[in-house]
Amino acid sequence: MASLQCPPAAGLYAALGGMVLFALFTSSRHVITGPDAAVAILVGGAVGPIAGADAGQAVVLSTWLALLVAGILLLAAWLRLGAIAELLSSPVMLGFM
């Protein structure tokens, strides 16, 4: 099976856009966000089998995946589903993060 790789510039632009949007839409003074190897592996595992060896298709699918996840997170924020995290203990939340 051929190895799938998105161009590195696509990930860097996505990370920059995410950091700017996070800074604009949150009240936190401490912004810690950026590309993560775990996220890259998950996106590659989801997009890779669909895109095959076509890097352009991988970028398009990765973009749509990011927009879909953003929509789900905005819907969860609108429904105030963050209150569910209050039901979890601190050690569980620390382990998850």
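A residue is called buried when its relative accessible area is under 20%, exposed when it is over 50%, and partly exposed in between, with a 1.4 Å probe and protein chains only. By that rule, the buried residues of helix 2 are Val47, Gly48 and Ala51. Helices here are DSSP runs of H or I with at least four residues, strands are runs of E with at least two, and both are numbered from the N terminus.

The model is predicted, so local features need pLDDT of at least 70 and side-chain atom pairs count only at pLDDT 80 or more, while totals for chains, interfaces and linings use all residues. Residues are numbered from 1 along each chain as its sequence is written, and side-chain values use heavy atoms, with hydrogens and water left out. The mean pLDDT (the predictor's confidence in each residue, from 0 to 100) is 79 for the chain, and 87% of its residues reach 70 or more. Confidence is highest in helix 3, at a mean of 87, and lowest in helix 4, at 75.

The chain contains four helices and zero strands, in the order α-α-α-α along the sequence. Of its 97 residues, 6% count as buried.

Helix 2 covers residues 37–51, 15 residues in total, and reaches 20 Å from its first C-alpha to its last, close to the expected 21 Å. The expected span is 1.5 Å times one less than the number of residues. At Gly45 helix 2 bends by about 30 degrees, and Pro49 follows within four residues; the bend is the angle between axes fitted to the seven residues ending there and the seven starting there. The buried residues of helix 2 pack against helix 3 (55–78), where a contact means heavy atoms within 4.5 Å.

Just after helix 2, Gly52 takes a positive phi of about 70 degrees. Asp54 then caps the N-terminal end of helix 3, with a side-chain oxygen 3.3 Å from the backbone nitrogen of Gly56. Helix 3 has 24 residues and reaches 35 Å between its first and last C-alpha, close to the 34 Å expected.

Arg80 lies in the loop between helix 3 and helix 4 (90–96). Its phi is positive, near 55 degrees, although Arg80 is not a glycine. Most residues other than glycine have a negative phi. Arg80 is exposed, with a relative accessible area of 68%.

Methods. Polar contact = N/O pair within 3.5 Å; in protein donor to acceptor, adjacent residues only side chain to side chain.
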